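Opening the notebook on a new model.

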Amino acid sequence: MTSLAEALGYAPDAKLLIITGDDLGVSYATNSAIYDSLRTGAVTSAGLVVPGPWAREAASSYRGEDVGAHLTLNAEYDLYRWGPVTHAPSLLDGDGGFPRTLVDLWEHADVDEVRKECRAQVERAIYWGFNVSHLSAHLGALELRPEFFDVALELAVEFCLPLRLPGADQQHQAGFPFRQLAAEEGVLSPDRLVRPGRGHSAKAAIDKILVDLPPGVTELVLRPARDTEELRAVIPDWPARVEDHDIATAARYLQALAGRAGLTLISYGALRDRQRASRPYSG
């Protein structure tokens, strides 16, 4: 069977790396840092939170970078709220925003409203001018429940876009073969998904992760943000996000590390183009 690396035109033993900056649109601090990381640093793709309070500003600053739709059904912060772009009563909590937790979402969301909301988010990103490169899910809300995964897969097929999925080792935890189901529909996904643990040094964790990567396509997810009063006031894990921005932009550190580890940096756009070459998109 042809590997994803081979399908993208690389050798079977190639090590390919997508570095994604998630949460574009959540705040001005994230917008500024993610675009900085895309334009001057090592980040190769980004995920747009369409319902985010600063999503329209992110659209106004877009210059054709590789940006996907980060499908969002949660607003996890106590003091910083956002909600659906559609009329979706089952996707609201008591104070008028998205549910704060995945459990609350999964217990109360109407799947038809989830489908309508997620499609509207993709369509709005396209309307704003983004050349959407992929789909992903905020907090993993669509990946580990079959009825929610079906929504994500339908959209990936409809818009002919790659879909971020956890690695094959998490299929047992989910209880259904989500990667196989996506492959059967011709939807591409990186072979593995990596999120650096938040310990004493994210940089040391990333060093180890990248040096030890096996062949194939890996996605490393960062959440860059600039250190601002706004960020400190509303997002509790702001120090980790500021560190991600420092890592992504510090003297091209990640590019140098990738070179030493024999990695080739790619973007989600390469997967989208491959997927659409196999199943042309008329949208």
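Before the strands, the rule I use: two strands pair if DSSP finds at least two bridges between them. Strands are DSSP runs of E with at least two residues, helices are runs of H or I with at least four, and both are numbered from the N terminus.

Ground rules. This is a predicted model, where local features need pLDDT of at least 70, side-chain atom pairs count only at pLDDT 80 or more, and totals for chains, interfaces and linings use all residues. Residues are numbered from 1 along each chain as its sequence is written, and side-chain values use heavy atoms, with hydrogens and water left out.

**Strands.** I found β1 (residues 15-24) running parallel to β2, paired over three bridges. G21 sits opposite A46 in β2. In β2 (residues 45-48), S45 and G47 point one way, A46 and L48 the other, and all are buried. Buried here is under 20% relative accessible area, exposed is over 50%, and partly exposed is in between (1.4 Å probe, protein chains only).

**Cores.** By nonpolar core I mean buried Ala, Val, Leu, Ile, Met, Phe, Trp, Tyr and Cys residues joined through side-chain atoms within 4.5 Å. The largest has 79 residues, and L48 and V114 are among those with the most contacts inside it. Helix α6 (residues 146-158) gives the largest share of this core, seven residues. Apart from this core I noted another, of 11 residues, including L16 and Y268. I then checked V114: beyond neighbours within four places in sequence, V114 is in contact (heavy atoms within 4.5 Å) with L73, L91, A109, L142, F148 and V151.

On a 1 Å grid over the protein atoms alone, a cavity is a set of points where a 1.4 Å probe fits but cannot get out; a pocket is an open set with protein on both sides within 12 Å along at least five of seven lines; lining residues have an atom within 4 Å of a point. I count one cavity of 30 Å³ or more. The largest cavity holds about 40 Å³, and its lining includes C160, E185 and R279. The largest pocket comes to about 450 Å³. Its lining has 17 residues, with M1, T2, L4, A183 and L188 nearest its centre.

**V234.** Buried or exposed? V234 counts as buried because its relative accessibility is 17%. V234 belongs to helix α10 (residues 229-234) and touches Y77 and Y80, leaving out residues up to four places away in sequence.

Notes: Points joined across faces, edges and corners; volume = space filled by probe spheres on them.
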